Amino acid sequence: MMMNGPSTNPKATVSQKLSVRQIAAIGIMAAATAILAPFSIPIGPVPISLTNLAIYFALYILGAKDGTLSYLVYLLIGLIGVPVFSGFTSGPEKLFGPTGGYLIGFIPMALFAGLVIDKFIAKPLICLAGMAAGTIICYGLGTAWLAYQASMDWKAALFAGVIPFIPGDLVKMILAMLIGPKIRSQLIRANLR
């Protein structure tokens, strides 16, 4: 007697696995994030870094799911002690420190922005709005954690962790919006995506 269910359907099982190409691409983008993110400019409790720029590009290149996975791989690499976080830091203490909320906030940012990019890749301004909305989610989580960890009020946390970053983050989003689709189309043309 044959049982119907997800475990007996070989096509369902195969389609849920990552291909070697996907695993390699996720690893490459995690490595790119690990290379870019440590270079930072300390301007207070929250440094200016290139982490979100690497994530935006990963979303264009890999899509929402794999782009978010590449960030999670990067995060795990940093948590186990490889100095890939801003300022060449690492470890769980970074996650539980004042900037940990931003590190966690990059996850919903990647998911939200990635879904918008996947759905509206041909509409750059909607993609830009999706990245901006995702970044606002990240700002919210990061600011709440910064205020709690550093015993700041909301206004002080906003001025320490959000306001100085808005112009640079907009530039990063615009760069990703302009360059990301070109990289994505080249990869599709080369049958690499």
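1. Helix α2 passes α4 in a right-handed crossing. A crossing is right-handed if the near helix is turned clockwise from the far one by less than a right angle, and left-handed if anticlockwise. The two pack at an angle of about 55 degrees, with their axes 8 Å apart. That makes α2 oblique to α4. Angles under 35 degrees count as roughly parallel, over 145 as roughly antiparallel, 65 to 115 as roughly perpendicular, and the rest as oblique. Axes are lines fitted to C-alpha atoms, for helices over the stretch in contact, and angles between N-to-C directions run from 0 to 180 degrees. Helices are DSSP runs of H or I with at least four residues, strands are runs of E with at least two, and both are numbered from the N terminus.

2. The model is predicted: local features need pLDDT of at least 70, side-chain atom pairs count only at pLDDT 80 or more, and totals for chains, interfaces and linings use all residues. Residues are numbered from 1 along each chain as its sequence is written, and side-chain values use heavy atoms, with hydrogens and water left out.

3. Back to α2 and α4, which pack at about 55 degrees. On the α2 side, Q22, I26, M29, A30, T33 and A34 make the contact. On the α4 side, the residues are K65, D66, L69, S70, V73 and Y74. Contact means heavy atoms within 4.5 Å. By class, the α2–α4 contact has seven nonpolar, three polar and two charged residues. Ala, Val, Leu, Ile, Met, Phe, Trp, Tyr, Cys and Pro count as nonpolar, Asp, Glu, Lys and Arg as charged, and the others, Gly among them, as polar.

4. The largest pocket also involves α2. Its space is about 350 Å³. The lining has 17 residues, and R21, A25, L62, L192 and R193 lie nearest the centre. Helices α2 (20–36), α3 (51–62) and α4 (64–79) each supply at least two lining residues. Helix α2 gives the most, with six. The lining divides into nine nonpolar, three polar and five charged residues. On a 1 Å grid over the protein atoms alone, a pocket is an open set of points with protein on both sides within 12 Å along at least five of seven lines, a cavity is a set where a 1.4 Å probe fits but cannot get out, and lining residues have an atom within 4 Å of a point. Points are joined across faces, edges and corners, and a volume is the space filled by probe spheres set on them.

5. One cavity of 30 Å³ or more turns up in a search of the whole structure. The largest cavity has a volume of about 280 Å³. Of its 21 lining residues, V46, P47, S49, Y102 and F106 lie nearest the centre. Two or more lining residues come from each of β2 (48–49), α3, α6 (100–119), α7 and α9 (166–189). Helix α6 gives the most, with four. The cavity lining has 11 nonpolar, seven polar and three charged residues.

6. Helices α6 and α7 pack at about 160 degrees, with their axes 7 Å apart. That makes α6 roughly antiparallel to α7. Their contact has 18 nonpolar, eight polar and no charged residues.

7. Helix α7 (residues 124–149) also packs against α8 (residues 154–161), at about 120 degrees and with axes 9 Å apart. These two are therefore oblique to each other. G140, T143, A144, L146 and A147 in α7 meet W154, A157, L158, A160 and G161 in α8. That contact has seven nonpolar, three polar and no charged residues.
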